[in-house]
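Keep the structure open while you read.

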Amino acid sequence: MNLSSAEDVRALPRNIRVSTLANGMTIVTDRMDHLESAALGIWVKAGSRDETPQEHGIAHLLEHMAFKGTNSRTARDIAVQIENVGGDVNAATSAETTSFYARVLKNDVPLAIDILADILNNSLFDESELAREQHVILQEIGAAQDSPEDVVFDNFQNVAFANQPLGRPIMGTPTTVSSFKPKHIRTYLEDHYHGPNMVLSASGNVDHDEVVKMAETRFGAFGSTPTRPPEECFYTGGESLVSKDLMEAQIVMGFEGRAYHARDFYASQVLSTLLGGGMSSRLFQEVREKHGLCYSIYAFHWGFSDTGLFGIHAATEDADIPKLIPVMLEQLRLAGEEIRQDELDRARAQISAGLMMSLESPASRAGQIARQILLFGRPISNEELMERLNALTAERLRDLSSRLFTESVPTIAAIGPVSHVPGQSEIADMLGAPATIAAQ
């Protein structure tokens with residue numbers, strides 16, 4: 001299921017138009033004439049996995065610093081000018097992308113584009129502003145460390161991708177964040193923010209040609225040389241069991257997932273929903289409703305450009321852990337033996353409904369199209385997505401389950417009362433899976 005193959009290309013709806021600037025930057029608009037507003041932003045194919053060990057946390061710091069003043073606007077000016085028209089502006093950093101986006105009324109699209117261009121082209125990265133924002137991020141890191149659920153997921157990803165950028169927390173560490181100077185941020189921006197690596201996506205009541213003209217003027221100065229792709233990452237599996245005086249143990253169990261371009265990517269998304277995507281899912285019904293072993297349990301699948309993570313999260317008290325883990329593992333084993341058609345239909349309906357509901361939001365649409373272009377090189381129509389979901393069969397999911405949980409080295413992370421949490425090798429034995437991964 002390679003989305004980039006020629007046979008998969010579908011005609012786009014008339015409301016979606018794509019252009020490319022001379023420097024390789026993609027401009028895409030999704031026109032929604034019935035709206036009075038628009039959502040737009042810049043998505044950059046550079047995130048935490050593009051950092052060197054010495055740069056750990058700099059992508060997230062750049063996201064913060066972009067709003068701290070330019071040659072023509074102070075930090076207050078940026079906030080006041082966008083809020084004077086009732087809009088808002090924000091940013092986000094993930095493992096593989098960084099985005100800067102705004103929501104405004106249709107007549108204020110030029111202002112939003114001007115502000116976004118200004119913060120990416122002309123940010124000062126002032127030393128005093130940097131010191132203040134570093135302090136803010138250190139507080140953000142501290143707050144995350146106070147949350148057992150945040151900690152267990154950080155530990156989970158760290159051992160799943162041991163000694164690799166994908167295994168590091170996006171925010172960085174107090175040591176790395178405190179070490180950065182303005183020159184480091186400028187260097188990172190110059191190295192990664194190039195036209196072929198960037199998408200301006202706008203959804204709502206927007207005019208494509210006008211957006212392209214504004215983009216040519218304001219983003220044409222970005223370099224046209226494609227950036228080097230990040231180092232390939234490999235799932236390793238592992239364990240992190242941290243004893244801490246808590247009422248409940250936070251537990252995350254995982255396996256190697258599927259990359260965005262992999263044949264089983266959509267099947268993995270549907271399988272995670274079927275197993276733990278709602279109150280009707282197998283894990284919720286078996287673990288909570290039938291056995292009462294925890295309040296909340298869910299499954300997830302995270303896709304990246306070259307790998308993925310399939311996981312299950314649960315929180316329960318120490319006394320219930322010896323019962324909880326075997327019940328979870330039994331459900332994984334049974335998924336490899338039987339997937340009922342009604343379960344598949346329900347999981348598919350949940351994903352389809354979620355997709356359609358998100359399309360009612362211009363912000364969701366702008367982000368979705370931008371990420372599709374960065375990942376697959378083109379927008380993907382809703383019809384194509386539905387075709388791919390509808391093509392999945394119960395047999396296909398059963399086959400995936402039989403391989404996913406037995407051929408992958410397990411990952412286990414837990415924090416709290418963990419004396420009864422089995423280690424990686426014990427989980428591998430219970431599933432008949434390998435305890436260690438073959439050398440790359």
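Ala92 has Ser99 of strand β5 standing opposite. The model is a predicted one.

Strand β4 covers residues 88–93 and runs antiparallel to β5, with six bridges joining the two. Together β4 and β5 make a hairpin, and four residues lie between the strands. Strand β5, residues 98–105, also pairs with strand β3, residues 37–44. That pairing is antiparallel and extends over eight bridges. Two of the partners can be named. Ala38 is bridged to Val104 in β5. Ile42 has Phe100 of β5 as its bridge partner.

These strands belong to an open sheet of six, ordered β1-β2-β6-β3-β5-β4. The pairing in this sheet is mixed. Strands β1 (16–20) and β4 are at the edges; each has a single partner strand, so one side of each has no neighbour in the sheet. From one strand to the next, the twist averages 15 degrees. Helix α8, residues 208–219, packs on this sheet. The helix touches β1, β2 (26–31), β3 and β6 (198–204). Its direction makes about 150 degrees with that of β2.

In a regular strand, side chains alternate between the two sheet faces.

**The largest nonpolar core.** This core has 52 residues. Ile42 and Phe100 are among those with the most contacts inside it, as are Ile119, Leu120, Tyr193, Leu200 and Phe219. Helix α3, residues 109–121, gives the most to this core, with eight residues. What does Tyr193 touch, not counting residues up to four places away in sequence? Its contacts are Val44, Leu62, Thr98, Phe100, Leu120, Tyr188, Met198 and Phe222.

Another core lies apart from the largest one and has 51 residues. Its members include Ile251, Leu283, Ile339 and Leu355.

**The five-stranded sheet.** A further open sheet has five strands, in the order β7-β11-β8-β10-β9. Here too the pairing is mixed. Strands β7 (238–243) and β9 (297–303) are the edge strands, and each pairs on one side only. The twist averages 15 degrees from one strand to the next. Within this sheet, β8 (residues 249–256) runs antiparallel to β11 (residues 411–416), and five bridges join them. Gln250 stands opposite Ile415 in β11.

| Strand pair | Bridges | A residue and its partner |
|---|---|---|
| β3 and β5 | eight | Ala38 and Val104 |

**The cavity.** How many cavities of 30 Å³ or more does a search of the whole structure find? The search finds one. The volume of the largest cavity is about 60 Å³. Its lining consists of Thr273, Leu274, Ser280, Ser281, Arg282, Glu343, Arg346, Ala347 and Gln350. Helices α9 (265–276) and α12 (341–358) are the elements that give two or more residues to this lining. The largest share, four residues, comes from α12.

Glu343 is one of the lining residues, and its place is in helix α12. Is Glu343 buried or exposed? Its relative accessible area is 5%, under the 20% cut-off, so Glu343 counts as buried. Leaving out residues up to four places away in sequence, Glu343 touches Leu274 and Arg282. Both of these contacts also line the cavity.

**A buried loop proline.** Pro165 sits in the loop between α5 (148–160) and α6 (174–179). Why does Pro165 count as buried? Its relative accessibility is 11%, and buried means under 20%, so Pro165 qualifies. Beyond its neighbours within four places in sequence, Pro165 is in contact with Ser48, Arg49, Glu51 and Cys233. Asp50 belongs in this picture as well. Pro165 and Asp50 are 115 residues apart along the chain, yet their C-alpha atoms are separated by 7.3 Å.

Definitions and conventions:
Residues are numbered from 1 along each chain as its sequence is written. This is a predicted model: local features need pLDDT of at least 70, side-chain atom pairs count only at pLDDT 80 or more; totals for chains, interfaces and linings use all residues. Side-chain values use heavy atoms; hydrogens and water are left out. Two strands pair if DSSP finds at least two bridges between them. Axes are lines fitted to C-alpha atoms, for helices over the stretch in contact, and angles run from 0 to 180 degrees between N-to-C directions. A nonpolar core is a set of buried Ala, Val, Leu, Ile, Met, Phe, Trp, Tyr and Cys residues joined through side-chain atoms within 4.5 Å. Buried means under 20% relative accessible area, exposed over 50%, partly exposed in between (1.4 Å probe, protein chains only). Contact means heavy atoms within 4.5 Å. On a 1 Å grid over the protein atoms alone, a cavity is a set of points where a 1.4 Å probe fits but cannot get out, and a pocket is an open set with protein on both sides within 12 Å along at least five of seven lines; lining residues have an atom within 4 Å of a point. Grid points are joined across faces, edges and corners, and a volume is the space filled by probe spheres set on the points.
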